Amino acid sequence: MTDIQELLLSRIRDVADYPEPGVMFKDITPLLADPAAFTALTDTLAGIATATGATKIVGLEARGFILGAPVAVRAGLGFIPVRKAGKLPGATLRQAYDLEYGSAEIEVHAEDLTSGDRVLIVDDVLATGGTAEAAIHLIQRAGAEVAGLAVLMELSFLGARTRLEPTLAGAPLEALLQV
């Protein structure tokens, strides 16, 4: 394990039985509260953005906003929020996706992504991959190219990587931590 991985992991708190019994929630708020850890995370993700040739960062609601915005600033790139349906005021592109029990929709302002953009998607946790997969489709529908997906933590036992690799079509999936 690298020093950065040890630092990040040491600042993530396990919360048993949240939000329901049997779930071990990974709380990143202690990491965000630690300036050294948050800076190290931001710098590492900005390095991934540079390495992928990204021109814009997409952050997935809501914690992807917290991580993605400072990454965009650090890398000198624009930041685009992908929000839950109904939260953006302008003309949007919308993408539906399935949840464990039901479905949801996300959207982006239609004019924020163009055919010349290479987009790095940033989020905190990759679980089942449903939201990330919907974001990939949304970016592609906007005419932009997906440069990759970067997350703080991948819950590898849920199998999202296998689900997303065909959709990513060779773009990298970078997880700083795998649990």
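## Lining of the largest pocket

β7 (118-126) gives the lining of the largest pocket its largest share, four residues. Strands and helices here are DSSP runs numbered from the N terminus: helices are H or I with at least four residues, strands are E with at least two. The model is predicted: local features need pLDDT of at least 70, side-chain atom pairs count only at pLDDT 80 or more, and totals for chains, interfaces and linings use all residues. Residues are numbered from 1 along each chain as its sequence is written, and side-chain values use heavy atoms, with hydrogens and water left out.

In all, 36 residues line the largest pocket. Nearest its centre lie Arg63, Val125, Ala127, Thr128 and Leu155. Elements that each supply at least two lining residues are β2 (24-27), β4 (78-84), β5 (92-99), β7, α5 (130-141) and β8 (145-154). By type, the lining holds 22 nonpolar, four polar and ten charged residues. Nonpolar covers Ala, Val, Leu, Ile, Met, Phe, Trp, Tyr, Cys and Pro; charged covers Asp, Glu, Lys and Arg; the others, Gly among them, are polar.

The space in the largest pocket comes to about 1,300 Å³. A pocket is an open set of points on a 1 Å grid over the protein atoms alone, where a 1.4 Å probe fits, with protein on both sides within 12 Å along at least five of seven lines; lining residues have an atom within 4 Å of a point. Grid points are joined across faces, edges and corners, and the volume is the space filled by probe spheres set on the points.

β7 is mostly covered, with seven of its nine residues buried. Buried means under 20% relative accessible area, exposed over 50%, and partly exposed in between, using a 1.4 Å probe and protein chains only.

β7 pairs with β3 (56-60) in the parallel sense, over four bridges. Two strands pair if DSSP finds at least two bridges between them. Here Val58 stands opposite Ile121 of β7. β7 also pairs with β8, again parallel, over eight bridges. In that pairing Val119 faces Val146 in β8.

## The β5-β6 hairpin

β5 and β6 (102-109) run antiparallel and are joined by eight bridges. A hairpin of two residues connects β5 to β6. Leu93 has Val108 in β6 as its bridge partner.

## Overall build

The protein chain has six helices and nine strands. Its C-alpha atoms fill a box of roughly 40 × 40 × 30 Å along the principal axes. The radius of gyration is 16 Å, which agrees with the value near 16 Å for a compact globule of 179 residues. That radius is taken over C-alpha atoms, and the globule rule is 2.2 Å times the number of residues to the power 0.38.

Of the 179 residues, 42% are buried. Among contacts with a separation of 6 or more, 60% join residues 24 or more positions apart. Contact means heavy atoms within 4.5 Å.

Most residues other than glycine have a negative phi, and most peptide bonds are trans. The following sites depart from that pattern. The bond from Tyr18 to Pro19 is cis, with omega near 5°. Pro19 sits in the loop between β1 (13-16) and β2. The bond from Glu61 to Ala62 is also cis, with omega near 0°. Ala62 belongs to the loop between β3 and α4 (63-75).

Asp17 has a positive phi, near 60°. This residue lies in the β1-β2 loop. Asp17 counts as partly exposed because its relative accessibility is 49%. Ala169 has a positive phi too, near 50°. Its loop runs between α6 (160-168) and β9 (173-178). Ala169 is exposed, at 66% relative accessible area.

## Two sites in detail

Met24 is in strand β2. At 46% relative accessibility, Met24 counts as partly exposed. Setting aside residues up to four places away in sequence, Met24 touches Asp14, Val15 and Ala16. Met24 and Asp124 are 100 residues apart in sequence, and their C-alpha atoms are 16 Å apart.

Ser115 is in the loop between β6 and β7. Its relative accessibility is 65%, so Ser115 counts as exposed. Beyond neighbours within four places in sequence, Ser115 contacts Gly143 and Ala144.
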